[in-house]
Amino acid sequence: MSISTMPRPISNELVILRLLNARMELSEHDKWNYARLEKGFDGELKFDQLTDVLVNNGIVIKGLLLEVNDIEFQIDTTIIFQGIIYLFDVKNYENDYYYENGKLYSKNGNIVTDPLLQLERCESLFLRLLKDLGFDIRVVCRLVFINPEFTLMQAPRDSPIVYPSQVKRLMKQLNEFPSKLTKRHEDLARKLISLHKPVSSNMKLPAYGYEQLEKRIMCKLCYSRSTIVQHNFIVCGTCGHRELVDYAVVRSVRELLVLFPGIRITTNLVYEWCGIVESKKMIGRILKEHYKAIGYGQWTYYIPK
Ligand SMILES: [Zn+2]
């Protein structure tokens, strides 16, 4: 798989919030943060649909979380061309926004974090990183508003904004960009990907503990808890999705490890966590098949193979 067709990584924060939202009652603020992340991710996927069909010779890197001098920054999409690197910040904002006296407001008059300032910060950190890595390539940043229902008024005229009505034209421009890549460009792309941080140090998560979470295999697709076991399948009462029990149990173990890194995976724990699989023996068999057993008898626990 070439770098450009790799799927966009989902941030750990979003993965955890999806799991928590399905297993506990989030506070209003956490619900708001969760919805904001889902919406942002959705916008990034929409942008991917456009960059995925670029036929030009550029390397597209989706979703980088980088760090320079202990300062974390993220780039939604990076495209490396021969003599230029494009950094895109994609926003899925909806409705009306306006600039006034150098500040950004939503239509109800609330001040919003200015994505243009974030973009400037991202650019300077990225330039510093490039320099540290020994690369000297021109960098251009663009703030892309992807949602067709978005309007921005009184934006600074020469700002690097791409409006919904301009996105198509942007893709056309990118496609026509003359670019001949060398091994050095590929080296840079691989280097950037190797520096990607899988877990952000700035996650905004509610406090949660094992005891307070609902224990049940959730639907893989819609995260519903209305699931039942039918023969060898977990069947969702909300969306009808069917998943083999074996896969669903392995997925549930992965969820446990995401929510509680380092937790000791035992048959009893997974049996309790899954909730609806009646046979403990079956859980034990699935764990044995998919994980490496450590220890003996009642003290057995499992680690990834
Ligand atoms: Zn479902």
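1. Basis of the model. The model is predicted, so that local features need pLDDT of at least 70 and side-chain atom pairs count only at pLDDT 80 or more, while totals for chains, interfaces and linings use all residues. Residues are numbered from 1 along each chain as its sequence is written, and side-chain values use heavy atoms, with hydrogens and water left out.

2. Confidence. The protein chain has an average pLDDT of 93, and 99% of its residues score at least 70; pLDDT is the predictor's confidence in each residue, from 0 to 100. Confidence is lowest in strand β14 (residues 301-304), with a mean of 91, and highest in strand β12 (residues 242-244), at 97. Helices (H or I, at least four residues) and strands (E, at least two) are DSSP runs, numbered from the N terminus.

3. Cys 222 belongs to the loop between α5 (183-195) and β10 (227-230), whereas Cys 236 sits in strand β11 (residues 233-236), so the pair ties together parts that are 14 residues apart in sequence. Cys 236 is buried at 4% relative accessible area, whereas Cys 222 is partly exposed at 34%. Here buried means under 20% relative accessible area, exposed over 50%, and partly exposed in between (1.4 Å probe, protein chains only).

4. The structure contains zero disulfides, a disulfide being a pair of cysteine sulfur atoms within 2.5 Å. Cys 122 is buried, with a relative accessible area of 6%.

5. Salt bridges. There are 18 salt bridges in the structure, each a side-chain nitrogen of Lys or Arg within 4 Å of a carboxyl oxygen of Asp or Glu. One of them joins Asp 52 and Lys 62 at 2.8 Å, N to O. This pair links distant parts of the chain, ten residues apart: Asp 52 lies in the loop between α2 (28-51) and β1 (59-68), and Lys 62 in strand β1. Asp 52 is partly exposed at 42% relative accessible area, whereas Lys 62 is buried at 9%.

6. Buried charged pairs. Lys 91 and Asp 89 form a salt bridge with closest N and O atoms 3.8 Å apart; Lys 91 is buried at 15% relative accessible area, and Asp 89 is buried at 11%. In the salt bridge between Glu 255 and Arg 251, the closest N and O atoms are 3.2 Å apart. These two residues are four residues apart in helix α6 (residues 245-259), which means that about one helical turn separates Glu 255 from Arg 251. Both Glu 255 and Arg 251 are buried. Through shared partners, salt bridges join Arg 23, Glu 243, Arg 251 and Glu 255 into one network.
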